[in-house]
Amino acid sequence: MGFTLWWIRLWSLTVKELLQFSRDGFLIIAITYMFTLDIWLSGNIHIELHRASMIFKDADQSEFSRELISRFRSPYFRMEGEVFSENEAVSLLDRGEAILLIDIPEHFQQDLLSRRSVDVQLMIDGSNTIIGTLTSTYGSQIIGEYSLDIGLDLLRFHLDRLEAIPRVELRPRVWYNPNQEDERFLPISELLTVITICGLMLPAAAAVREKERGTIEQLLVSPLTPAQIMIPKVFSMTLVVLIGTMVSVFGVIKGIFVIPIKGSLIFFFSTVVLYTIAVSGMGLFISTFTKNLAQVAMLVLVVAMPVVLLSGAWTPPEAMPLWLRRAIHLSPLYYFIEMSYGILLRGAGFEVLWLHFLGLFLLGSGAFIFGAYRFRRQFG
Amino acid sequence: MNIKRIIAISHKEWREIVRDRFFLALAFVVPSTMLLVFGYGLILDVENIPFCVVDYDKTPTSRDYIYRFIGSRYFNFRGTVEHEELLRPLFEASKIRFALIIPEHFERDLRAGRSVTVQSLIDGVFPFRAATSKGYVLAMNRDFNGEILADYFSKKFGIPLDRAFELAQPVRIQLRYLYNQELRSTWSIASAMIMFVLMVSPPFLTAMGVVREKESGSIYNIYCSTVTRGEFIVGKLVPYVFISVLNSLILWAWTKFLFGAPFKGDPVFFFFASVVYVICTTGIGLLVSLMVRTQVAAMMVTIVLTVVPSVLYSGLFIPISSMEPIGQFQSHLFPAMYFTDIVLGSFLKGVGIKHLWDRVVALALYAGLLWVISFMLFSKRPRS
């Protein structure tokens, strides 16, 4: 009898939390936006070199120089026009109207025809490192290819027409995301970030709200144990996050972007639940230090930032210095991201990911138990 | 507008902030922490890419080809495997991000003057990294080709090897990076982070401002007082703008002295632009605060309105000119983009008011618009 009563109390408090959530229109709009429109918008962003605006300075005006310039084309580059002096070019780069200048010297064709090597200058806006790196990578590639081609062409008439030239053809194949489409990567990473933010904030807010408004007194005089107060908060908000994730996966990721999901969705959703409970624990832990929501909001920012950053969502572990690479194992998001990409994009199963699952489970239960302990203590 | 009443409201708000010691501390700790965490933790240099090799040929030539990758600082060699089937689990566990597969008869075919196809597999989960790694891999291969071609020419025509190399690769590339000669990512991240932090933290400070009074009921003191709408909004904003301006100076100092990013622009202009930007972002928080009814909603709406646009639509990662028209349109709707230009212009490029005045005007208009909307949204006679 006592056992069923325990469950009934848990159930009614969960209903209370969900009702409270459902009556806050703006909150629902914000969360719906995060799980749908936001994911969709992130898929329309390309962290790739895409029609980068460039200008050229051609002091040679020859067939060869025009051939080289014409190789800088869509989808990577977009020619914005010609400049006639370096000052003009720098001023365009200053204003951000171009990010790359290709500068072809005089006598370019003549020198090549008389078998002298020539220098072509690429002037790149380095103020944004990502774009600077990509621009120089692609720019060097185009000029390098041109160089090999022209070298061969110029010597072609010394060789037999049919003579084969030894050459290594490199066929780069990109796995899991064949055309490096950001629309596979970004929506998923955005979804994982949204889950983290909601999982941290919602339960923490639900807990501290009672303190701020004083309704915690009502709960304290009721025949409820701290666990019965805390579990419904975590449970209801996990449910909200899970529903949001489902909407997002079926509606946006599968529905609009048609990203083929290679692994088991049930496995993925179970991971989401486990992860949300883990970050809820962290959220509850945060809430015990605070007296009002303004403090919660600021404290969540401080905690969420390293968790997101250390997850490998932005910087993969191998690029980090050694001490950070060790610290990464403390971020639950790290395990979650590895598992999510593994399941969704690579079709990995439990047998490959069990170690990550274990890590997430240990870290999650640790955070949750510690959060619960602190939460109970406040009633002491 | 009565200055005295504005001062009174600001004074009351300031007292409230100062008395919540923990909140006051966080108001200064949060922005600096964000800058330091991102400045040190966000590493965009693509180096040490872990890779594996499947060498079906096992000859001096194939080993020479592989050694180019092993010796490069861009790649980190993690061993050879016997068969390509064994690569998949390594990719799945993220142990490697790139693999080379050298076919049989690699050496024999090259010696015989035939073309050989080498396969390379790249993990595409991080598109920016995949694109950069692909560029490195192709560059390595190009160098190797240049050398075998030079070798071939030198034997064929009986000329010295370095001359043959010039013939094989006649066009040399000179790369010159403007504004950031060594392409140091900490410089560009730290300065761009000023934009991000000042976009996110001021609204968070402000967002709770009005809605807290609504939730606790103390807003009725305002409803029944002589304070007008405009006075209330301005008075509420002033303390938060003050805190955020102080923060902008602290962030500037971190970026300049800790991260060593060169500040080439005009300090007075930059300070003025920062103040306008902070008024904008604080205004966003206030607007949210006026719109919603609960603090939880204020928190979530603030995240939606600030974090996403400042990451995706600010030009932080993607240049605005590369976006689709819809993305470009979105970018112009948020203040983040204008301030990114101002920060990078002042820090790395060293351009001043001459090139950037229109961005400041846009920010000022934005701030004005936010104020007008807030003014219209706030009513001293709420319907419910």
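Strand β3 (residues 100-104) of chain A is largely enclosed by the rest of the structure, because five of its five residues are buried (under 20% relative accessible area with a 1.4 Å probe, protein chains only; exposed is over 50% and partly exposed lies in between). Strands here are DSSP runs of E of at least two residues, helices are runs of H or I of at least four, and both are numbered from the N terminus. This is a predicted model, where local features need pLDDT of at least 70, side-chain atom pairs count only at pLDDT 80 or more, and totals for chains, interfaces and linings use all residues. Residues are numbered from 1 along each chain as its sequence is written, chains are lettered from A and ligands numbered from 1 in the order in which they are written, and side-chain values use heavy atoms, with hydrogens and water left out.

In a regular strand, side chains alternate between the two faces of the sheet. In β3(A), L100(A), I102(A) and I104(A) point one way and L101(A) and D103(A) the other. Pairing takes at least two DSSP bridges between two strands. Strand β1 (residues 52-58) of chain A runs parallel to β3(A), with five bridges, and I55(A) sits opposite L101(A). Strand β4 (residues 118-125) of chain A pairs antiparallel with β3(A) through four bridges; here L101(A) faces M123(A).

Over in chain B, the axes of helix α8 (residues 185-216) and helix α14 (residues 336-349) come within 9 Å and cross at roughly 145° (axes are lines fitted to C-alpha atoms over the stretch in contact, and angles run from 0 to 180 degrees between N-to-C directions). Residues making the contact (heavy atoms within 4.5 Å) include W187(B) and M195(B) of α8(B) and F339(B) and F347(B) of α14(B).
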